[in-house]
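I opened this model to look up a few local features. My notes follow in the order I made them.

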Amino acid sequence: MKDAFGAPQSLLVLGGTSEIGLATARRLIARRTRTVWLAGRPSPALTAAAVSLRALGADVRTVPFDALDTEAHEERLGKIFTEGDIDMVLLAFGVLGDQARDESDPVAAVRVAQTNYTGAVSAGLVCAGALQAQGHGSLVVLSSVAGERARRADFIYGSSKAGLDAFAQGLGDALHGTGVHVMVVRPGFVRSKMTAGLAEAPLATTPEAVAGAIELGLRRRSETVWVPGALRVVMAAVRHVPRPLFRRLPV
């Protein structure tokens with residue numbers, strides 16, 4: 001396997017401007033990664049991301065990708081795999097949405113669901129099929145602790161992540177024994193541009209910390225990674241809080 005010991009030579013980031021995606025790319029380039037594909041909507045930010053990674057010594061290429069344009073996924077993502085094997089795919093795109101606004105705007109709410117879930121199902125299946133065809137590789141899916149239990153404060157986003165998490169777990173089971181490794185990553189509150197201005201939750205983390213957990217999870221061939229690790233215990237307890245009491249918690 002070319003991605004032995006959790007050190008892929010080639011990386012495809014779906015969501016090429018994702019702070020977690022780029023932090024992961026930087027960490028892996030420092031170890032062994034030499035080819036990076038950044039898939040995202042063409043923009044100055046995507047171009048700048050590619051330039052920053054090239055400065056670290058990697059061969060970086062960009063490819064147009066829109067999570068909502070599912071009809072184009074097979075063609076555009078498939079072309080990447082024709083250029084050579086991809087050792088790791090990081091599914092890092094997603095939108096938080098605006099809960100207060102989206103509750104009264106079904107179209108906006110559906111956009112969150114389509115981006116975070118439908119788009120991920122489409123792209124995930126395309127990449128999983130390509131990884132299986134080449135006989136090796138890792139598919140890393142950024143989920144969220146928000147998907148563990150619906151909260152009043154963000155149940156639209158949380159429900160989309162719950163769907164994504166279940167999909168990724170099932171995909172991992174389907175690919176077991178094929179040489180393809182699926183790893184679900186469940187970060188808590190991540191300090192990033194996406195969460196700027198929001199009240200910080202306990203056990204908050206950073207893109208760099210998530211990247212470190214991803215690298216460690218790859219080395220261990222983990223199937224599920226929590227960031228920080230303490231959230232595994234916290235969420236196990238939260239899942240069993242009686243619903244009347246859960247409604248009263250400041251979450």
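**Pockets and a cavity**

I began with the second largest pocket, where α6 (155–175) and β6 (180–187) each supply at least two residues of the lining. The model is a predicted one. α6 gives the largest share of that lining, with 5 residues. The space in the second largest pocket comes to about 240 Å³.

Next I searched the whole structure for cavities. How many of 30 Å³ or more turn up? The search finds 1. The volume of the largest cavity is about 30 Å³. Its lining consists of Gly124, Leu139, Val141, Leu164, Phe167, Ala168 and Leu171. β5 (137–142) and α6 are the elements that give two or more residues to this lining. α6 has the largest share here, with 4 residues. I note that α6 also gives the largest share of the lining of the second largest pocket.

**Strand β1**

I then turned to β1, residues 10–14. Is this strand mostly covered or mostly open? It is mostly covered, with 5 of its 5 residues buried. I checked the two faces separately. Ser10, Leu12 and Leu14 are on one side, Leu11 and Val13 are on the other, and all are buried. In general, side chains in a regular strand alternate between the two faces of the sheet.

Which strands does β1 join? One is β2 (residues 35–40), linked to β1 by 5 bridges in a parallel arrangement. Between β1 and β2 the chain passes through helix α1 (residues 19–29), and this β-α-β crossover is right-handed. Ser10 stands opposite Thr35 in β2. Another partner is β4 (residues 88–91), also parallel, joined to β1 by 4 bridges. There, Leu12 has Val89 as its bridge partner.

**Helices α1 and α2**

I took α1 next. It is mostly covered, with 8 of its 11 residues buried. The buried ones are Ile20, Gly21, Leu22, Ala23, Thr24, Ala25, Leu28 and Ile29. I listed what covers them, and the list includes β1, β2, α2, β4, β5 and α7 (207–220).

I picked out Ile29, which is in α1. Is Ile29 buried or exposed? Its relative accessibility is 4%, so Ile29 counts as buried, since the cut-off for buried is under 20%. I looked up its contacts, leaving aside neighbours within four places in sequence. Ile29 is in contact with Arg34, Val36, Leu53, Leu56 and Ala58. I also took the C-alpha separation of Ile29 and Gln9, which is 8.4 Å, with the two 20 residues apart along the chain.

In α2 (residues 44–54), the buried residues are Leu46, Ala49, Ala50 and Leu53. Why do they line one face of the helix? Viewed down the axis of α2, they fall within an arc of 95°, so they line one face. In general, an α-helix has 3.6 residues a turn, so residues three or four places apart point the same way. The buried residues of α2 pack against α1, β2 and β3 (59–64). Leu53, one of these buried residues, is among the contacts of Ile29.

**Val145**

I looked up Val145 in the loop between β5 and α6. Val145 is buried, at a relative accessible area of 15%. What does it touch, not counting residues up to four places away in sequence? Val145 touches Arg186, Pro187, Gly188, Trp226, Leu231 and Met235. The C-alpha atoms of Val145 and Asp165 are separated by 9.6 Å, and the two residues are 20 apart along the chain.

My last check was on backbone angles. As a rule, most residues other than glycine have a negative phi, and most peptide bonds are trans. Arg221 has a positive phi, near 55°, and is not a glycine. Arg221 is in the loop between α7 and β7. Its relative accessibility is 37%, so Arg221 counts as partly exposed.

Which peptide bond is cis? The bond from Val227 to Pro228 is cis, with omega near -5°. Pro228 is in the loop between β7 (224–227) and α8 (231–238).

Note on methods: Residues numbered from 1 in each chain as written. Predicted model: local features only at pLDDT ≥ 70, side-chain atom pairs only at ≥ 80, totals over all residues. Heavy atoms only, no water. Buried < 20%, exposed > 50% of the residue type's maximum accessible area, 1.4 Å probe, protein only. Pairing = 2+ DSSP bridges. Right-handed = clockwise from strand over helix to strand, strands pointing away. Arc of directions from axis to C-beta. Contact = heavy atoms within 4.5 Å. 1 Å grid on protein atoms, 1.4 Å probe; cavity = no way out; pocket = protein on both sides within 12 Å on 5 of 7 lines; lining within 4 Å. Points joined across faces, edges and corners; volume = space filled by probe spheres on them.
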